[in-house]
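Have the structure open while you read.

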Amino acid sequence: MSEPLQPVIVGAGPAGIRATERLVRAGLRPIVLDEGQRAGGQIYRRPLIDDGRSYRSRYGSEAGKAQSLHQAFEALLPQIDYRPETLVWNISAPERGNQLDVLSSGVHRQIDFSQLILCTGATDRVLPFSGWTTPGVYTLGASQTTLKAQGCTVGDRVVFMGSGPLLYLVAWQYMKAGARVEAVLDTAPFTSKRHLLSLAVHAPRIVALGLFYGLQLQLAGVKIRYAVRPQAVLGKSQVEGLRFRRRALTGDLVETIRCDALAYGFALRPETQLADLAGCRFRFDERDRTWLPERDAFGRTSRRDVYVAGDGSGIAGADAAEISGELAAAALLQDIGHEAADATRLVATREAILRQRDILERAFPFPDDWFETVPDETTLCRCEEITIAEGRRAIASGSITEINRLKALSRVGMGRCQGRMCSAAATELLSGACATSAGEVGRLRAQAPVKPIPLGFGTDVETEVRT
Amino acid sequence: MSRRLSVDVAIIGGGLVGSSAALAMRKAGLSVALVDKGYCGAQASGVNYGGVRRQGRPPEQLPLSQRAHRIWPQLKAMIGIDAEYVRSGHLKLARTEKDFAKLETYAETVRDYGLGLELVAGSGFAERFPWLSAKAVGASLCPEDGHANPRLVAPAFARAAERAGVTVLEQTPVREVTATGNGFAILAGDGVEIRCRQLVNSAGAWSDRFAAQFGEAVPLTRIYPSMVVTEPLPLRLPMSMGEQGGSFYGRQVARGNYVMGGGRGLPLGDPDYSRPSVTAASSVMQRAIALFPHLAHAQVIRFWSGTEAEMPDGNPVIGPSETTSGLFHAYGFCGAGFQTAPAVGEVLAELVTEGRSTTPIQAFSIGRFRKVAVETAASL
Amino acid sequence: MSMHAQFRRRYRLDETPVPFTLNGVAETGRRGDTVLTAILSVSGRLRQSEFTGEDRAGFCLIGACQDCYVRLANGGRVRACSTALEPGMAFITDLDAMAEAAHE
């Protein structure tokens with residue numbers, strides 16, 4: 001008989017929870033490792049303690065989904081080995097066995113897995129501009145998380161900027177929470193929104209909600225601007241305003257808006273470091289403009305026994321994440337001899353959502369001309385505080401055409417965040433300088449530890465093996 | 001992209017040895033092509049610890065090491081950057097009396113080479129090095145040793161060589177190299193043909209392949225460093241550190257990060273690639289905490305590894321081929337080639353222009369492995 | 001130039017107070033706060049960057065950007081966005097105070 005099974009799921013967001021549920025239903029008892037204090041992931045993030053708000057108040061139109069996901073996970077607790085506040089910081093290479101290095105309450109553990117489902121999620125995709133490191137500038141996701149999980153707004157008078165469906169949603173949520181929304185600055189031109197018409201056929205609910213948020217913001221007198229490019233954050237030690245340029249029929253206009261906080265982002269970027277350390281093969285994805293672990297329709301990767309699900313395997317949103325979590329678990333079960341009669345239906349549902357995302361991407365396009373107007377002295381890498389000028393100089397003087405080479409010679413992406421906040425920008429900068437496509441400059445190789453670990457951690461190692 | 005070149009010298013391998021050799025040869029008036037399968041300085045030259053250290057080397061390496069010691073302060077003039085080179089001092093700790101005795105013996109052995117070693121022990125030790133925990137018996141200080149940024153040095157040599165007129169071909173793996181009687185013919189990359197009178201094999205961990213092609217099999221093995229880097233921290237560690245009888249080494253760079261190593265990384269299925277070992281990294285981290293109590297709350301932000309070449313006797317191969325006229329070898333620096341490499345570049349330039357080195361290199365002759373190679377062949 | 005609180009509380013206003021100190025000054029957070037929320041509800045920065053000394057006040061707030069490490073008076077550090085506030089915590093968020101602490 002083979003070794004006992006010890007499936008491990010990393011991440012307890014929509015994908016991780018549905019994957020867990022599916023494995024439990026088949027009689028397995030997975031280990032669930034999650035960095036968060038409470039399960040739910042980012043989109044359905046829960047506060048540290050109950051704050052008296054209803055699901056409706058906290059999650060709005062997605063309240064039903066949030067509640068059902070949280071309840072599903074609560075019900076699973078007796079049947080799983082759940083470890084919150086646990087960082088998986090390394091995965092052994094395929095030829096060195098199936099082992100995770102895990103840090104939890106200051107203790108380093110090594111955990112064997114028989115199968116691994118990575119549900120590592122995503123973070124905001126950001127680009128640098130003058131003043132983006134000023135206190136009071138946050139990502140869009142940060143502003144939403146603060147409201148959802150901490151019951152705070154990131155300022156009193158807030159400007160929202162970027163491209164993506166989250167832009168209008170968060171602005172509306174802030175308005176509802178009592179903050180003053182000074183402006184919504186869409187970096188995409190108004191004409192890009194025509195794509196929503198074709199989306200309305202396939203996903204009327206998404207479009208209706210978007211129109212509702214936009215309309216309510218306008219009725220409340222919130223300035224909405226299109227084709228925006230930021231010029232500079234005003235204020236040195238805290239945000240005092242934003243100067244921006246926008247394209248109008250009459251030519252470019254420059255406007256200044258006073259505010260005490262700015263939240264911005266350009267859709268999401270996947271967290272793929274663990275899949276990389278696991279040795280999974282990657283491919284460049286044109287729509288997400290980033291490298292993703294290769295996966296089949298179920299979430300099988302190129303490494304046997306390693307599966308991916310959710311936004312960490314390609315940005316598709318929370319609904320798709322739930323389905324892909326279930327699919328990855330179904331694939332795992334199939335691979336050990338179980339049936340999965342509903343797999344075809346799940347694949348079809350996920351693919352329908354992916355097609356909607358394609359349209360959304362056209363309605364909220366990435367600003368690929370970004371670096372044409374960002375001043376050279378702007379910080380490119382906020383950890384190492386490397387400027388765009390330094391990045392450009394390294395590219396020119398070192399004849400650099402590959403992103404790891406740029407990292408080696410300029411330090412961009414070498415700091416605490418390991419390129420999470422600057423790799424999109426570095427990719428654009430480098431491919432722009434080389435006049436190639438983003439896919440041509442390669443991807444930053446992940447290194448352990450995928451997030452900082454305490455130097456003193458090594459004194460207490462516990463090894464958990466399959467018994 | 002097909003391309004034909006005819007040069008005086010072709011150099012296979014754009015590490016610090018190959019890049020500095022290219023620059024030195026070009027300055028001597030030769031036409032040079034420098035060929036690398038990836039990027040110049042991306043392997044051992046770029047992934048090593050960055051120690052610019054003479055202390056601890058065997059005596060036969062010290063003439064070369066002293067020559068390099070005179071080159072390092074001139075980097076800015078030679079290649080346009082100082083590559084963060086600092087003569088911080090290198091402090092080698094002894095944890096026990098026995099280890100300290102070994103440091104004393106070493107200092108005595110290399111007395112005539114001018115390293116300026118200073119042995120520190122006893123009551124003054126703790127006052128002299130207040131940033132250390134007091135667990136060491138003593139130490140040997142080499143005040144003019146130091147460190148530099150390994151990621152920057154070799155690429156800057158390659159770019160300087162290019163500016164001086166060297167043809168630098170990166171991403172151009174050598175597919176075939178043959179002796180033509182009056183020189184060599186190389187096929188590389190996507191249709192690159194190079195003809196040269198003389199050839200340098202400085203391909204690091206990939207050198208054995210080329211040596212074997214000319215009937216000179218060498219017992220080269222691969223080693224992989226296991227490095228640990230902290231977040232930037234207030235400047236506190238003024239010297240590069242090593243240990244007698246221990247494998248820990250560490251330094252703090254000007255930007256504040258502690259760069260530390262010890263033990264070995266592990267090769268992947270494809271031995272061109274490796275990973276740091278968690279076991280080795282944990283040992284490094286524990287030793288760092290023991291040595292530097294002020295790091296108690298520090299965070300580690302990354303590990304790294306890479307591929308280096310090691311020879312069984314701890315010395316590199318440097319010098320002319322014994323089978324093929326016009327061929328020169330320089331590799332196998334056993335994880336300690338960073339400091340000496342710029343001098344090796346000059347030595348190679350002397351070898352190709354004058355046929356002899358002004359610095360003694362007999363100890364590094366490839367001939368010392370002839371017997372080993374014959375035995376290996378016989379056992380097959 | 002005076003620094004204003006960056007965050008504005010909208011909920012949990014009557015939650016149990018949790019005392020902490022910021023650069024030696026007594027402050028009050030709320031039960032359920034992260035360290036980041038507690039500090040930014042009374043102040044406008046979490047730390048100063050290593051190389052330029054610029055003020056920082058977090059960025060992604062979900063544990064990815066690593067920009068919100070806050071120094072504790074005992075020399076330790078916590079990632080403010082993912083650490084729950086505990087009574088009696090003592091934070092240092094400016095370099096001058098840090099330099100003084102280092103001299104002790």
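**Notes on the model**

1. Before anything else, keep in mind that this is a predicted model. A quick look at the chain contacts: 4 residues of chain B are in contact with 4 residues of chain C. On the chain B side of that contact you'll find 2 nonpolar and 2 polar residues, and no charged ones.

2. Now over to chain A, where 5 strands make an open sheet with parallel pairing, ordered 3-2-1-7-21. Strand 3 (81-83) and strand 21 (306-308) of chain A sit at the edges, each pairing on one side only. On average, neighbouring strands in this sheet are turned by 15° against each other, direction ignored.

3. A:Val32 has A:Tyr82 of strand 3 as its bridge partner.

4. What packs on the sheet? Helix 9 (residues 317-335) of chain A does, touching strand 7 and strand 21 of chain A, and its direction makes about 160° with that of strand 21. Helix 1 (residues 14-25) of chain A lies across strand 1 (8-10), strand 2 and strand 7 (116-118), running at about 165° to strand 1.

5. Last, a helix pair in chain A. The axes of helix 11 (residues 388-397) and helix 13 (residues 423-434) of chain A come within 11 Å and cross at roughly 45°, which makes helix 11 oblique to helix 13. The crossing is right-handed. Helix 11 contributes A:Ile388, A:Gly391, A:Arg392 and A:Ile395 to the contact, and helix 13 contributes A:Ala426, A:Leu429, A:Leu430 and A:Ala433. By class, that is 6 nonpolar, 1 polar and 1 charged residues.

Notes: Residues are numbered from 1 along each chain as its sequence is written. Chains are lettered from A and ligands numbered from 1 in the order in which they are written. This is a predicted model: local features need pLDDT of at least 70, side-chain atom pairs count only at pLDDT 80 or more; totals for chains, interfaces and linings use all residues. Axes are lines fitted to C-alpha atoms, for helices over the stretch in contact, and angles run from 0 to 180 degrees between N-to-C directions. Helices (H or I, at least four residues) and strands (E, at least two) are DSSP runs, numbered from the N terminus. Angles under 35 degrees count as roughly parallel, over 145 as roughly antiparallel, 65 to 115 as roughly perpendicular and the rest as oblique. A crossing is left-handed if the near helix is turned anticlockwise from the far one by less than a right angle, and right-handed if clockwise. Two residues are in contact if their C-beta atoms, placed from the backbone, lie within 7 Å. Ala, Val, Leu, Ile, Met, Phe, Trp, Tyr, Cys and Pro count as nonpolar, Asp, Glu, Lys and Arg as charged, and the others, Gly among them, as polar. Two strands pair if DSSP finds at least two bridges between them.
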